[in-house]
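Please look through the structure before reading on.

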Amino acid sequence: MFAQNAPVMTVRSLSTSDTVAIISLTAVDFTNIISCNLQLKYDPKIAEVKSVTLDTTLKGNMDVDLSVPGRIALGWYTYPAKTISGNPVLFNIAFKRVKIGTSQITWFDTASSCIWHDGNYATLSD
């Protein structure tokens, strides 16, 4: 069994209004990271993703796929590797409300749902 050595991701609310909610994905132990691939799911009957953006602390290149309702697939990479102390915001996701209700945001559990690489291109345990 491998101990986790990838950043620990958390979700927190940044701001909400009657029609829009912006949440942030944060990380702990963001040390010597060069890339990640993340997939999240949510209830598309409740909300629709309008945008996914990099926070100013992260910088780098990002690809986002929102083509499947209820799923967010994003990839991020940079060079050289980054180390950011504390609990930095990495990504901001803006949702538009479709109807009243609640939706969980969860990791989409596939082999590529949460993959991290360090500055040596080694895959980190999640």
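Is W116 buried or exposed? With a relative accessible area of 0%, W116 is buried. The model is predicted, and every value below is computed from it. Three aromatic pairs are present in the structure, and F30 and W116 make up one of them.

**Aromatic pair F30–W116**
- F30 and W116 are arranged edge-to-face, with 6.0 Å from centre to centre and 85 degrees between the planes.
- The two residues come from distant parts of the chain: F30 belongs to strand 3 (residues 30–41) and W116 to strand 9 (residues 114–118), 86 residues apart.
- F30 is buried, at a relative accessible area of 1%; since the cut-off for buried is under 20%, W116 at 0% is buried too.

**Aromatic pair Y42–F95**
- Y42 and F95 also form an edge-to-face pair, 5.2 Å centre to centre and with 80 degrees between the planes.
- Y42 sits in the loop between strand 3 and strand 4 (47–54), while F95 sits in strand 7 (residues 89–97), so the pair ties together parts that are 53 residues apart in sequence.
- Y42 and F95 are both buried.

**Nonpolar core**
- The largest nonpolar core contains 26 residues.
- F30, I72, F91, I93 and W116 have the most contacts inside this core, and F30 and W116 are also the partners of the edge-to-face pair described above.
- Two or more residues of the core come from each of strand 2 (20–28), strand 3, strand 4, strand 6 (71–84), strand 7 and strand 9.
- Strand 3 contributes the most, with five residues.

**Largest pocket**
- The largest pocket holds about 260 Å³ of space.
- It is lined by 17 residues, of which A21, I46, A47, F95 and G101 are the closest to its centre.
- F95 is thus named here as a lining residue and above as the aromatic partner of Y42.
- Strand 2 and strand 7 each supply at least two residues of the pocket lining.
- By class, the lining of this pocket consists of nine nonpolar, five polar and three charged residues.

Key:
Residues numbered from 1 in each chain as written. Predicted model: local features only at pLDDT ≥ 70, side-chain atom pairs only at ≥ 80, totals over all residues. Heavy atoms only, no water. Phe/Tyr/Trp six-rings, centres within 6.5 Å; stacked < 30°, edge-to-face > 60°. Helix = DSSP H or I, 4+ residues; strand = E, 2+ residues; numbered from the N terminus. Buried < 20%, exposed > 50% of the residue type's maximum accessible area, 1.4 Å probe, protein only. Core = buried A, V, L, I, M, F, W, Y, C linked by side-chain atoms within 4.5 Å. 1 Å grid on protein atoms, 1.4 Å probe; cavity = no way out; pocket = protein on both sides within 12 Å on 5 of 7 lines; lining within 4 Å. Points joined across faces, edges and corners; volume = space filled by probe spheres on them. Nonpolar A, V, L, I, M, F, W, Y, C, P; charged D, E, K, R; others polar.
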